[in-house]
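Colleague: I have a structure to go through with you. Can we start with how you use the word "buried", and then take it piece by piece?

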Amino acid sequence: MVPKLFGFSEMSGVFWTLFIEIVFYGCCTALFQFNFLDKPIVIAAIALGLNLSTPLAILLNKYFQLGIPVQFLLFHLSFLFAGNLLRLAFAEKAQAAMYAAALFALLNVLTVPVSSGIWFSVPEAVDKGFVMFNPESVVCAYILAACVFMVALHYKSAASRFMVRMGEASYSLYLLHMFCFVLVKQFVSPETTVGFFVYFVASIALAIVVARLSFRYIEFSGIEIGRKITRSLGYA
């Protein structure tokens, strides 16, 4: 999860999120120890503060030339804490969390465009990989993610058994899908329209199968071991 700490690059380009995840887990462990993990006000303050830190550094550097380091890690972390807000809002029915989540969403109408450089150039966004193509694509990606979340929330009662099973294996799918795409490309050329269709369908099918096997024989076993540990420590 942290290969760069040991002088290595990630095995796959999509693995850049793993470092953010492990930092988030560490933060959650600390919050849990102090009994803050289920406190909407605390989580909201962290989510909003982290979300503001990146665009504020960008604005202060632009208008006051302060030379503050721009850290997109903090911006990414804010969305993981926002996820905890949504859990508290929808699963725990915490009204304060619902209001805070709505405020977080409104705040991002400003923070995402500033951080991506949609209004003025932000060289750090490109240098650190936050913007890979252009600022507009980043803004569109955030909008699309929000729309997909709202649609899924609206139609959650219509979830099929297939979607539930895919949800179970989603982490394995995230970790392994690129390897499946690379493997299929060794046998199917995506250079033509027909070839690309065959390549795309075959890659997805293989990724789903591999993800289910990974979940069943690796991930599920790890979850069970984790549960046994937490029970032995008296946390469950």
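Modeller: Buried means under 20% relative accessible area, exposed means over 50%, and partly exposed is in between. Keep in mind that this is a predicted model.

Colleague: Fine. Is S172 buried or exposed?

Modeller: S172 has a relative accessible area of 2%. That is under the 20% cut-off, so S172 counts as buried.

Colleague: Where is S172 in the chain?

Modeller: S172 sits in helix α8, which covers residues 170-185.

Colleague: What does S172 touch, leaving out residues up to four places away in sequence?

Modeller: A211, S214, F215 and E219. With S214 there is also a polar contact between the two side chains, at 2.9 Å.

Colleague: And V201, which helix is that in?

Modeller: V201 is in helix α9, residues 193-232. Its relative accessibility is 41%, so V201 counts as partly exposed.

Colleague: How far is V201 from F181?

Modeller: They are 20 residues apart in sequence, and 9.9 Å apart in space from C-alpha to C-alpha.

Colleague: Changing topic. How many salt bridges are there?

Modeller: Five salt bridges. One of them pairs E168 with R212, with the closest N and O atoms 3.2 Å apart. That pair links distant parts of the chain, as E168 is in helix α7 (residues 161-168) and R212 in helix α9, 44 residues apart.

Colleague: Are those two buried or exposed?

Modeller: R212 counts as buried, at 18% relative accessibility. E168 is at 37% and counts as partly exposed.

Colleague: What about E10, what does it form a salt bridge with?

Modeller: K4, with the closest N and O atoms 3.9 Å apart. K4 is exposed at 60% relative accessibility, and E10 is partly exposed at 27%.

Colleague: Now the helices. At what angle do α3 and α4 pack?

Modeller: About 155°, with the axes 9 Å apart; α4 covers residues 95-116. Angles over 145 degrees count as roughly antiparallel, so that is how α3 and α4 run relative to each other.

Colleague: Is their crossing left-handed or right-handed?

Modeller: Left-handed. The contact residues on α3 include F72, F75, F79 and L86, and those on α4 include M98, F104, N108 and V112.

Colleague: Zooming out, how many helices and strands are in the chain?

Modeller: Nine helices and zero strands. The C-alpha atoms fill a box of roughly 55 × 50 × 45 Å, taken along the principal axes.

Colleague: What share of the residues counts as buried?

Modeller: 30% of the 236 residues. As for contacts between residues at least 6 apart in sequence, 61% join residues at least 24 apart.

Key
Residues numbered from 1 in each chain as written. Predicted model: local features only at pLDDT ≥ 70, side-chain atom pairs only at ≥ 80, totals over all residues. Heavy atoms only, no water. Helix = DSSP H or I, 4+ residues; strand = E, 2+ residues; numbered from the N terminus. Buried < 20%, exposed > 50% of the residue type's maximum accessible area, 1.4 Å probe, protein only. Polar contact = N/O pair within 3.5 Å; in protein donor to acceptor, adjacent residues only side chain to side chain. Contact = heavy atoms within 4.5 Å. Salt bridge = Lys/Arg side-chain N within 4 Å of Asp/Glu carboxyl O. Axes fitted to C-alpha atoms, helices over the stretch in contact; angles between N-to-C directions. Parallel < 35°, antiparallel > 145°, perpendicular 65-115°, else oblique. Left-handed = near helix turned anticlockwise from the far one by under 90°.
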